[in-house]
Amino acid sequence: IINDEDNKKNNMLNDKPDFLRITKPQKELIINFNEINMYKFSTLVDYQIYNILPKLQRLEIITSEAHLSILYSLVLNCPNLNSLKIILTSDFFNSINSSLEIFNDTLPVLFSYLRNLTEFSYDNIILSNKKIPDIVNAIKNSSIKKLSFISCFKSKEDLSLFNDYFHNPNCLTEINLSRHDFNVPTLLSSSLLNYSINKNLVSISFNSCNLNKEDIQYIANYIVQSPIMLSCNIGNNPLTPLACSTFAYCLQKTKSLEQLIMNNCGINGESLLFLFNGKGSQTLKHINISGNDIGDIGLVSIGAFIK
């Protein structure tokens, strides 16, 4: 991954290896471990990467290998990070093993060290239930506003260990719990999606969570009650006409929702009739229904909705 033309001209890392992307003015760093091995990574020192780490605000690591010690030391050299994203692009950590235990062990330490961290994303790395209580306590004492745990929980029981945090999520405004094979909204209906105790959310994502009618009901109820909810992602879930009918009330009554993502949900023309119900929305600016076979009936429904 290479940086932009201005960086090529002005950055001190003019000849840096192509597995790095550094944005000007050297505040964001993306490292793709899929493109390198341990030997090549040693060239980071040669390219003075460690000189810019104290200035970094955003760090994204993409990996399919267990560079655990390197990742940990890398992050510890970035005390001013406000965004940290760690993405696994394979199933390397898709089971509990010693490497995963070590990886999860570092999270509470990192949360306590990165006092400016406001955005954290953990993607495709299974959390060990033994470590979740420590991680929850660390997050509770952090300033995180945007939190993503994508395909990280093996069971409902593991995710339920976060309920204590979701009952009092401090300054949390955006949550992404996508790619889980159980009904996340129903499980968190008394905590995360309970508006009486959690009024700060502006964005929620439950993509690929096998949502059912009850899940949709809890999501819709929260959106209707919230005057600040802006974005909802429920794509890649099988939405029946009945589920669409449940969500229709949300679209009519929402005070703030601007973006709705419902791609690849098996929605047909009949489902759209239930969803839009011939009525428009006063707030919606963007809706994604790509990957659905809506047919002519669906087009008519959309026309009536946006008219």
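I'll take the pockets, then the cavities.

This is a predicted model: local features need pLDDT of at least 70, side-chain atom pairs count only at pLDDT 80 or more, and totals for chains, interfaces and linings use all residues. Residues are numbered from 1 along each chain as its sequence is written, and side-chain values use heavy atoms, with hydrogens and water left out.

Terms, quickly. On a 1 Å grid over the protein atoms alone, a cavity is a set of points where a 1.4 Å probe fits but cannot get out. A pocket is an open set with protein on both sides within 12 Å along at least five of seven lines. Lining residues have an atom within 4 Å of a point. Volume is the space filled by probe spheres set on the points, which are joined across faces, edges and corners.

The largest pocket has a volume of about 240 Å³. It is lined by 18 residues, and Ser148, Glu174, Asn176, Ser203 and Ser205 are the closest to its centre.

Next, the second largest pocket. It holds about 150 Å³. Its lining has 10 residues, with Ser151, Phe153, Lys154, Arg179 and Asp181 nearest the centre.

What is the volume of the second largest cavity? About 30 Å³. And which residues line the second largest cavity? Glu28, Leu29, Arg58, Leu59, Glu60, Ser83 and Lys85.
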